[in-house]
Amino acid sequence: GVPEREANFYAEGVRRGGTLVAARVADAQAPLAREILQRYRWVDPTVRAAAYRESGWSSFDANAPVYTPEQIAEERARYARDRI
C-alpha cells in the first residue's frame, strides 16, 4: 500500500538490519502516532533514503547478499546520529 520507491527504501532498511513499524491511523491521531514512534529511535525516512542514494544505492535488490552481524553493526553506527 505504499509507492514502489518507498517500498524499495523500506525493504533496503530492513535488509541493512533495521526494523519497519507501520501504522494506519485516523488523520486526527497521526500527530500522536508520530510522537510515539519518535520516542523509540525513529529514523527520518527522507534523510536516510537520501543517504542511501548518495552512497550509490538505487533500489532494493532481493538477490543482494544478506548483511553480516558486523555489517549491521557498522550500518547502525554510521547512522546513529541521524536518529531523531
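Rings of Phe, Tyr and Trp (for Trp, its six-membered ring) count as an aromatic pair if their centres lie within 6.5 Å; planes under 30 degrees apart are called stacked, those over 60 edge-to-face, and the rest tilted. A search of the whole structure turns up four such pairs. In one of them, Phe9 and Tyr10 are tilted, with 5.5 Å from centre to centre and 55° between the planes. Another, Tyr52 with Trp57, is edge-to-face, at 5.7 Å between centres and 70° between planes.

The model is a predicted one, in which local features need pLDDT of at least 70 and side-chain atom pairs count only at pLDDT 80 or more, while totals for chains, interfaces and linings use all residues. Residues are numbered from 1 along each chain as its sequence is written, and side-chain values use heavy atoms, leaving out hydrogens and water.

How well covered are these rings, and which residues join them? With buried meaning under 20% relative accessible area, exposed over 50% and partly exposed in between (1.4 Å probe, protein chains only), Phe9 is buried at 10%, whereas Tyr10 is partly exposed at 24%. Tyr52 and Trp57 are both buried.

As for the chain overall, 19% of its 84 residues count as buried. Its C-alpha atoms fill a box of roughly 40 × 25 × 20 Å along the principal axes.
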